[in-house]
Amino acid sequence: MELQYKKNDATGEELYYGTHSSGLRIFIIPKKGYSNNYAIFGTRYGSVDSEFIVPGDDKVTKVPDGIAHYLEHKMFDQPDNSNVFDKFSKYGANANAFTSFNMTAYLFSATANIEENVATLLDYVQSPYFTDDTVSKEQGIIGQEIRMYDDNGGWKVFFNLLNCLYHNHPVKKEIAGTVESIAKITPELLYNCYNTFYNLSNMAIVIVGDVNPEKMKGIIEANIKKNEPFSEEIKRIYAKSEPNEVVQQYIEKSLSVSTPLFMIGYKDIDTGYTGKALLKKSIEIKILLGMLFGKSSTVYKKLYNSGLINQNFGTDYTMQPDYAFTAIEGESKDPKAVYKIITDEIDRVLNEGLSEDDYNRMKKVLWGKHIRSQNDVDEIGTEFIQLHLMGVDYFDYYDVYSQITFEDIKNRFKNHFVNERSALSVVNPITN
Amino acid sequence: MNNINLFYVPMNKLKTTTVGVYIHRELNKEDVSKNAILPHILKQGSKLCKTPEAVSKYLENLYGAVLKAGVVKFGDDQVLRFEAETISDKYAPNKEPLTYDLVKFILSVIFEPMTENGGFIKSVVDIEKNNLKTRILSEMNDKRTYAMHRCIEEMCKGEPYALSANGTIDEVDKLNEKNLYEYYKEAIVSSVIDIYVCGDADADKLQALIDETVANIEFKEAKITKTNLHISDAEPKNVTEKMDVTQGKLAIGFRTGILPSDKDYFALMVFNSLFGAGAHSKLFNNVREKLSLAYYASSAIVKAKGVMVVNAGIEFENYQKAYDETLVQLEEIKKGNISELEYQSSIQSIINSLTAYSDLPEQLHNFMASERVYGTNYDIDYVKNEILKVTTDDISRVAQGITLDTVYFLKGKEE
């Protein structure tokens, strides 16, 4: 395998990349002078992938909710009964893993023994070992993880919002599943999911740090186990159909919190993009979020000065090729008043238009954010692989960003901020 | 003469420059909420940018430079802290002097506040009083942190360290634009103010800017508050609280008897790593992996205070099991049952974190600031060197000096 090279002149970032005959995609981002190294090995497989057709099969496989996350926990057990944390610890690495809606990733950061640590990372993620005993042992641990989230207001307000926005799409289901769903998980089911989604042609590895790319390539190649790449795609069944409309515009729940938490969502129905088009849409929406609700905006001033929001106010945009949504969150004594002010502002801008000054300032802000995100090896690696697994090249950022115009922003505003497709989720304090 | 110390740490490999300002105050009941509110008031406007909107636009024009204001406790030293970050000048698309403009802004925020009628702006103070009250009430939202705070509060009852860095609702109610401004005028001239700049900057130019900004201010002698070790000969105390929660939170507080200036300090750091700080630790491998009682079970030391807190999220009925296992694992270390792998992993874990600081400006200035507070002023290489010298005998000896102080448990209302 030959590594290819590219460099972004605007940021100075460099990339070495290639695809191994096993199907594994490899990316190495050298950071001169850094002490810390970061590697992340991920598969395009997350909590939304509970129904799928294995390549070569003709029937649909349906597995319990929460299985991707469960599988992530069980990858740390090794065939010789050892725990892979022990190996990383010996080499001074800080190892971890996470499961999100659309990916599962295994990672470490380390300031020494980078070669041994990369070899360990590749080895354990390619060595599944599930038995009845090891699988049942995890029920208690993940059960406590689920309970921890049950008491977490920020988590509940988020998933309740997704349940307002989505009728059928599995993004509305909790990543770890439920105590009931995970009770159905068996070693056979785990092997079935592993053999489907951990095929190396569904995976990528990213290494960031002061490393020698050729040497890293050698270590990766030496540690790839036998793998037949799939010749066709894994068919993922997310939802028969997802209506454009939201399910409901309001939901509330009570939990042990001091002040009501709120999250307002806008369902994005302009989906189906990947690559540069998807990246462009996300930059446009982030610029808009800054213009409409950033700290210098009229709405922010109004909300803050009337005591309706505090410093814990923020916006975010989550995107994948097949679904996307905006979330505006905070704490407020009166979430419904916040929702009214925000939807009124959308109506006002629809009539009066956006300010080009605001646009120019927010475009600067986005550039600063992009540069700042290149400081930290963990942040670059995670961002890079997340984008890659949704078909976006991190190194396209500059080109896409430069081409965005005020016209694009105006069009995106009309397309995305539609009050009928918004919802408000609230977590209230328990009153006795 | 002024009380401002500039520390410049070149980190040219980074694409940003980070500024950390630490204004050191004594933690005490009377001033705690004043200190807690001040950074938030100051951030709302200054001579340079008179309104919150002007502040935001100024920072946005610096390509979205970030400024966070808040307050933290380093033992009995309460710090008003400003943390800021901008892309470094060499990445400024139009060669703007971003770092200089950011520091100029921060200095204006600290030394040139907006005032009216001999006080701060009343409307700003009123909003920030409400926000601070919300923050105080919100301390119960994250139950894991809350349980740890409650444990420390119970342990250190009667000592300043029992205070929350935000203070109390009662103290906030006493504040107004006049008494706060009076307090500010005294505090700003009588505090040690440390400014860390990490990244790529012209330190001489920044020093000149500082000197120029404060040229007309008359400073008084200032020092950083020393923290007293938490000592007690009382029997262990049990505290149980009930809330509407589905998971129990256990927090077990211990006295370590060791301050950063003690020779056993490095052994205590390694002990903590081995006991409960990471996936190599005894708590992780026994409370979580062996007994499946918890998703997280870990220990943390409050270095300045000689206190350690173990915490875990568990089923209510597993309280005794989790408590017993924690003390069994402590006993194991006291007896010297430490494997070679555990020992090496504990050392390497600390070395790895310390080495990574050279890429992480916020962690780096936080490390330097805490060393100033402890009065030790160790540099990273010295600490690493001392960590490498720690033996398993040292770890056991330190463990033998650790005593149980307070057991806090948060559980559900229905049982």
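**Two chains, checked term by term**

User: What makes chain B, with its 415 residues, agree with a compact globule?

Analyst: Its radius of gyration. A compact globule of 415 residues would come near 22 Å, and chain B has 23 Å, which agrees. This is a predicted model. Along the principal axes, the C-alpha trace of chain B spans about 60 × 45 × 40 Å.

User: What share of each chain counts as buried?

Analyst: The test is 20 or more other C-beta atoms within 10 Å of a residue's own. In chain B, 52% of the 415 residues are buried. In chain A, 48% of the 432 residues count as buried.

User: How do you know what share of the contacts in chain A joins residues at least 24 apart?

Analyst: Start from contacts between residues at least 6 apart in sequence. In chain A, 82% of these join residues at least 24 apart. For chain B, residues 24 or more positions apart account for 82% of the contacts with a separation of 6 or more.

User: Which residues count as part of the contact between chain A and chain B?

Analyst: Two residues are in contact if their C-beta atoms lie within 7 Å. The contact takes 49 residues from chain B and 48 residues from chain A. On the chain B side, α12(B) gives the largest share, 9 residues. That side divides into 18 nonpolar, 21 polar and 10 charged residues.

User: Which domains does chain A have, and how far apart are their centres?

Analyst: The assignment gives domain 1 (4–236) and domain 2 (250–429). Their C-alpha centres lie 28 Å apart. In chain A, 37 residues of domain 1 are in contact with 32 residues of domain 2. The largest share of the domain 1 side, 10 residues, comes from α5(A). By class, the domain 1 side has 18 nonpolar, 13 polar and 6 charged residues.

User: How do you check the span of α5(A) against the expected value?

Analyst: Count residues, then compare lengths. α5(A) has 13 residues, and at 1.5 Å a residue 18 Å is expected. From first C-alpha to last, α5(A) reaches 19 Å, close to that value.

User: Which residues of α5(A) are buried, and what covers them?

Analyst: The buried residues include V157(A), F158(A), L161(A) and L162(A), and also K156(A) and N160(A). Strands β11, β12, β14 and β15 of chain A are among what covers them.

User: Why is a set of residues called a nonpolar core, and which members of the largest one touch the most others?

Analyst: The members must be buried residues of the nonpolar kinds listed for a core, joined through C-beta atoms within 7 Å. In soluble globular proteins, nonpolar side chains tend to be buried together. Here the largest core has 248 residues; A39(A), F41(A), I106(B), V270(B), F271(B) and I395(B) touch the most other members. Helix α9 of chain A supplies its largest share, 10 residues.

User: Which residues does I106(B) touch, leaving out those up to four places away in sequence?

Analyst: I106(B) touches V19(B), V21(B), F82(B) and A84(B).

Notes:
Residues numbered from 1 in each chain as written. Chains lettered and ligands numbered in written order. Predicted model: local features only at pLDDT ≥ 70, side-chain atom pairs only at ≥ 80, totals over all residues. Buried ≥ 20, exposed ≤ 12 C-beta atoms within 10 Å, placed from the backbone. Helix = DSSP H or I, 4+ residues; strand = E, 2+ residues; numbered from the N terminus. Nonpolar A, V, L, I, M, F, W, Y, C, P; charged D, E, K, R; others polar. Rg over C-alpha atoms; globule rule 2.2 N^0.38 Å. Domains from an automatic or database assignment. Expected span 1.5 Å × (residues − 1).
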